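Please examine the sequence and the three-dimensional model shown below.

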Amino acid sequence: MNKPNTYRLEKWTKKRFHGYPLATIIYYGPTNQDATKVVVSILNEQDEMMEQHKWVSEKDLRWNEEINRQIIEFINLHKPQSVVTPGKILGCPHEEGIDYPEGENCPKCPFWANKDRWKE
C-alpha cells in the first residue's frame with residue numbers, strides 16, 4: 001500500500017541536510033492555522049533560485065493529496081539533495097508590491113499585521 005503524499009513530504013523534510021540543490025517548501029496563509037499557498041523553490045549553492053512553483057487554494061492545502069502529489073513531482077523533477085521546510089505557516093499569502101503596496105500591511109490578512117513571522 002502506498003503511503004499518502006502528506007506522509008511522504010513530512011518524511012522527506014525530516015532528513016538531514018545533504019547538500020545542494022536544495023528544495024524549500026514554504027506555506028503561507030491568512031492566519032497561522034490555514035495554509036492557502038505553498039511555494040516550492042529549488043536553490044543552488046549560492047542560494048540563487050533555479051526554479052519555483054506556487055500552488056494556491058481556498059482551503060488548507062497542506063492536506064490536499066493532489067497538490068502534495070504535484071509538489072513531490074516538481075521536487076523529483078529537479079533532483080535536490082536536500083528538502084527543507086520551516087514546519088509552520090510563514091505569513092500572508094499575498095505579495096507585497098503586487099497584491100498590496102510595499103511597506104504596508106496586507107488589508108486581507110490582518111492576523112499578520114505587525115507580527116514577526118519568524119517568532120510567531
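A disulfide is counted when a pair of cysteine sulfur atoms falls within 2.5 Å. The structure accordingly holds 0 disulfides; Cys 92 is in none, the nearest cysteine sulfur being that of Cys 109.

This is a predicted model, in which local features need a pLDDT of at least 70, side-chain atom pairs count only at pLDDT 80 or more, and totals for chains, interfaces and linings use all residues. Residues are numbered from 1 along each chain as its sequence is written, and side-chain values use heavy atoms, with hydrogens and water left out.

Cys 92 counts as buried because its relative accessibility is 13%, and Cys 109 counts as buried at 2%. Buried here denotes under 20% relative accessible area, with a 1.4 Å probe and protein chains only. Of the 120 residues of the chain, 35% are buried.

The chain contains 2 helices and 4 strands, taken as DSSP runs (helices: H or I, at least four residues; strands: E, at least two). Along the sequence, these elements follow the pattern α-β-β-β-α-β. Among contacts (heavy atoms within 4.5 Å) with a separation of 6 or more, 55% join residues 24 or more positions apart.

The accessible surface of the chain amounts to about 7900 Å², and carbon and sulfur atoms contribute 48% of this area. The areas come from the Shrake-Rupley method with a 1.4 Å probe.

Notes:
Buried means under 20% relative accessible area, exposed over 50%, partly exposed in between (1.4 Å probe, protein chains only).
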